[in-house]
Amino acid sequence: MSKYLTIFKVSLAQEFAYKTNFIMWRVRNVLQVFLIFFLWDAVFSEPGTTLFGYDRTSILTYVFGLLIVRGLVLSVKSYEVAGDIGRGDLSNYLTKPLSYFKYWLTRDISSKTLNVVFAIGETIFLYLILKPPFYLQTNPVLLVSFLVTLIIAMLIYFILIFILGSISFWAPELAWGVGWLFITIIIQFMSGAMFPLDVFPQAIQDILRLTPFPYLIFFPIQVYLGQISISVIIKGILVSGIWLVVLWFIFNSVWKRGLRVYQSHGK
Amino acid sequence: MVNKLDKIKGKIKVGKPKISLGRLPYYFKIWVFMSKNSFLMVLTRKKLFFMFLLGKILKFIFFGLFLYFIVTGSGELAGYSVEQIIFFFLTFNIVDVFGQFFYREVYRFRPILISGEFDLVLTKPMSSLFRILMGGSDVIDLVTIPLLLAAVIFVGSSFNPDPLQIILYILLIINAMIIATAFHIAVASLAIITLEIDHSIMIYRDILDLGKLPVDIYKEPLRSILTFVLPVGIMITLPGRVLMGLASPAGIIASFVVAAIVIFVAFKLWNIALKYYTSASS
């Protein structure tokens with residue numbers, strides 16, 4: 001346990017070693033919120049407007065919730081796994097008395113800790129300058145459910161990143177492109193990280209709900225806002241839980257096969 | 001040794017831009033040559049090329065659909081119809097994609113800088129700035145540009161613009177590209193001073209992203225900042241409004257003045273930045 005605590009501390013220190021990089025990354029997050037915030041602010045400018053099941057308060061809470069939930073779920077360092085495999089650096093870890101999986105999980109937790117601390121600060125800062133209406137959830141059942149959905153979301157994303165990184169075992173030159181396509185484009189849009197998925201027609205929403213993506217961002221915020229009934233929350237937690245198990249099995253299978261073909265190129 | 005180096009440095013006219021109208025054919029020839037090399041390099045990795053192309057198209061479709069559903073759902077956005085909002089989004093894409101097509105090399109400037117390879121650029125008989133900005137066009141955009149232009153013409157024609165509005169729209173897009181050039185020069189200059197480029201170029205992209213929607217939707221003081229300080233409004237909203245017949249002549253003239261000022265400041269910044277180049281690690 002103590003070695004992972006040390007990894008956590010070292011990883012945290014590494015983030016501070018590249019302060020400009022980190023600050024710029026956070027500035028980008030804030031800028032991205034501006035576009036979405038003002039868009040929804042304009043849509044809900046008329047008092048009493050209700051659209052896609054949201055009122056002004058709930059939609060602007062969704063936008064602010066994005067900062068925190070994205071910081072918790074999408075802030076990871078494990079996207080470097082693909083590079084480790086491609087460069088042959090994985091060998092360094094395989095010979096050490098630690099679990100490669102737990103190593104990256106620890107580094108991700110460190111990244112999330114730092115990002116969430118900053119995200120909370122930014123949320124307060126933006127709240128003070130934009131003064132939006134904000135919905136503070138007080139129902140303990142919903143708050144616990146929100147926490148459960150967040151933990152599942154973080155684990156799903158972590159395993160997804162590892163599966164994508166595993167492509168590097170077979171096609172190291174493609175791993176980066178595949179990662180970019182999934183992480184920057186598909187997951188961003190299909191998870192609700194840009195906008196709530198309710199804006200899409202029901203048929204598209206139904207298809208999206210069959211994938212693991214909405215359970216990363218959209219579903220946890222829906223739970224926080226109390227937009228869905230308890231039965232739908234339980235169903236969602238079950239479906240996302242099943243996805244977590246399925247992805248875990250896929251990851252295990254892919255990783256084992258990958259290690260069999262791994263040749264430590266470049267080492 | 002130090003004195004010798006100082007003497008040599010004094011003789012080399014480091015990075016002085018020598019782009020004049022008379023030398024345009026010379027630079028065009030170099031650009032074609034470098035672009036050809038860049039395209040050939042990309043084509044050796046076809047799968048990766050298709051992946052990035054697919055990503056760009058998906059990003060465009062996802063956000064376009066989102067805007068479409070949102071504005072049709074609410075009836076209008078800040079007084080604009082769904083066609084008008086889509087047109088602003090298309091105009092944003094034109095400026096963004098042309099910027100990436102011409103200035104993709106800026107994204108690759110950091111390795112050149114920190115490896116000391118920039119020394120070689122400075123000693124070549126061409127403007128170092130030209131090489132850093134336009135040394136490698138993005139072949140992916142050769143596919144997306146025609147599709148975008150077709151979409152702009154299709155949606156734009158629904159506003160029934162007269163020839164003057166069309167000419168002004170084209171002139172304002174060129175004007176927007178001048179401002180985009182200034183932004184890229186500023187990013188490259190900051191890279192020399194701070195050695196940081198990845199995030200600063202992405203911050204430029206994020207700021208430009210705010211132009212996906214007309215600046216009218218933003219509240220003060222952000223609206224004024226996006227109009228005068230970070231002239232996203234001039235780059236994207238104004239050309240769109242001109243084609244829709246919603247812009248004032250004073251605004252159009254002011255936009256050309258702003259572009260002239262920012263490009264002048266950017267060139268000055270580049271010359272200042274070059275003095276900070278230490279040629280470390282070369």
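Modeller: Two residues are in contact if their C-beta atoms, placed from the backbone, lie within 7 Å. The model is predicted.

Colleague: Which residues in α10(B) do the residues of α2(A) meet?

Modeller: On the α2(A) side, the residues are A:N21, A:M24, A:W25, A:V27, A:R28, A:L31, A:Q32 and A:L35. The residues of this helix contact divide into 8 nonpolar, 4 polar and 3 charged. The partners in α10(B) are B:H199, B:S200, B:M202, B:I203, B:D206, B:I207 and B:D209.

Colleague: Is α2(A) roughly parallel or roughly antiparallel to α10(B)?

Modeller: The axes of α2 (residues 19-43) of chain A and α10 (residues 198-209) of chain B come within 9 Å and cross at roughly 10 degrees. Angles under 35 degrees count as roughly parallel. The crossing angle therefore makes α2(A) and α10(B) roughly parallel.

Colleague: Which helix gives the largest share of the side of chain A that touches chain B?

Modeller: The contact takes 27 residues from chain A and 31 residues from chain B. Both α2 and α8 (172-190) of chain A supply at least two residues of the chain A side. That side divides into 21 nonpolar, 4 polar and 2 charged residues. Its largest share, 14 residues, comes from α2(A).

Colleague: How many residues has the largest nonpolar core?

Modeller: Residues with the most contacts inside this core include A:V63, A:V73 and B:I179. Not counting residues up to four places away in sequence, A:V73 touches A:L150, A:A153, A:M154, A:Y157, A:L216 and A:I217. The largest nonpolar core has 124 residues.

Conventions:
Residues numbered from 1 in each chain as written. Chains lettered and ligands numbered in written order. Predicted model: local features only at pLDDT ≥ 70, side-chain atom pairs only at ≥ 80, totals over all residues. Axes fitted to C-alpha atoms, helices over the stretch in contact; angles between N-to-C directions. Helix = DSSP H or I, 4+ residues; strand = E, 2+ residues; numbered from the N terminus. Parallel < 35°, antiparallel > 145°, perpendicular 65-115°, else oblique. Nonpolar A, V, L, I, M, F, W, Y, C, P; charged D, E, K, R; others polar. Core = buried A, V, L, I, M, F, W, Y, C linked by C-beta atoms within 7 Å. Buried ≥ 20, exposed ≤ 12 C-beta atoms within 10 Å, placed from the backbone.
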